[in-house]
Amino acid sequence: MREGREGYGRGPGERAPARGVLAWDRTWRREARSAWRCGLALGGVLLLADLARGSLDAARGICWAAIGAALVAVLRPVRVTAGADWLAARGLLREHRVRTDLLTQVRRADGIAPRLVLRDVGGNRVELDPGVLAANPLLWHHLETGARRARERGLLREGAVAMAALAERIDGEGARAVLRASGLEPGERPARG
């Protein structure tokens, strides 16, 4: 019966998460594969073009491979996981983790790519795409539960507006998904019979 509990929410081909992990970004593998495909495609096209011109040598081949690898590094998404009272974001080189029940700040950094910045009492900091939380309700649940505890303790003094805006967005997207699944599009009125 143990397999049923650990396997909950896993799609075909997905491995079980590490011990202590209760929620993870279910779209990460697909996005990471896309990053690899783009990097390999760019490196391959550059190599083939140089080969067709007859100017390919070892130095140029290494250069094109390095450009493809750099594209993979830029496009590879951060892997977000959550457990009991913590949330972590693993980048290319290291993992950043915060205690969600000890959060002191939740801030939204807008720009080309909007980011959610979380800080805890230990000075730890995690930056992640708010879309990851919208696409993964379990991650959002763990963050929201921990942030609520931090707010009740009086620790979370900055971030109520950011959390409320994010909750509204996620709840709105969830409601629209339910309406779509039931055959009712938002703004559409059911037919009376």
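1. Basis. Local features of this predicted model need pLDDT of at least 70, side-chain atom pairs count only at pLDDT 80 or more, and totals for chains, interfaces and linings use all residues. Residues are numbered from 1 along each chain as its sequence is written, and side-chain values use heavy atoms, with hydrogens and water left out.

2. Strand β2. Strands (E, at least two residues) and helices (H or I, at least four) are DSSP runs, numbered from the N terminus. Strand β2 covers residues 79-83, and four of its five residues are buried, so β2 is largely enclosed by the rest of the structure. Buried means under 20% relative accessible area (1.4 Å probe, protein chains only).

3. Strand pairing. Two strands pair if DSSP finds at least two bridges between them. Strand β1 (residues 23-24) is joined to β2 by two bridges and runs antiparallel to it. Five bridges link β2 to β3 (residues 86-90), again antiparallel. Thr81 of β2 stands opposite Trp24, and its bridge partner in β3 is Ala88.

4. Hairpin. Two residues lie between the strands in the hairpin of β2 and β3, where Asp85 takes a positive phi near 65 degrees.

5. Helix α2. The 26 residues of α2 (residues 28-53) should span 38 Å at 1.5 Å a residue, and the end C-alpha atoms are 38 Å apart, which agrees. The expected span is 1.5 Å times one less than the number of residues. Just after α2, Gly54 takes a positive phi of about 85 degrees.

6. Cover of α2. Trp28, Ala32, Ala35, Gly39, Gly43 and Asp50 of α2 are buried. What covers the buried residues of α2 includes α3 (58-75) and β2.

Technical notes: Buried < 20%, exposed > 50% of the residue type's maximum accessible area, 1.4 Å probe, protein only. Contact = heavy atoms within 4.5 Å.
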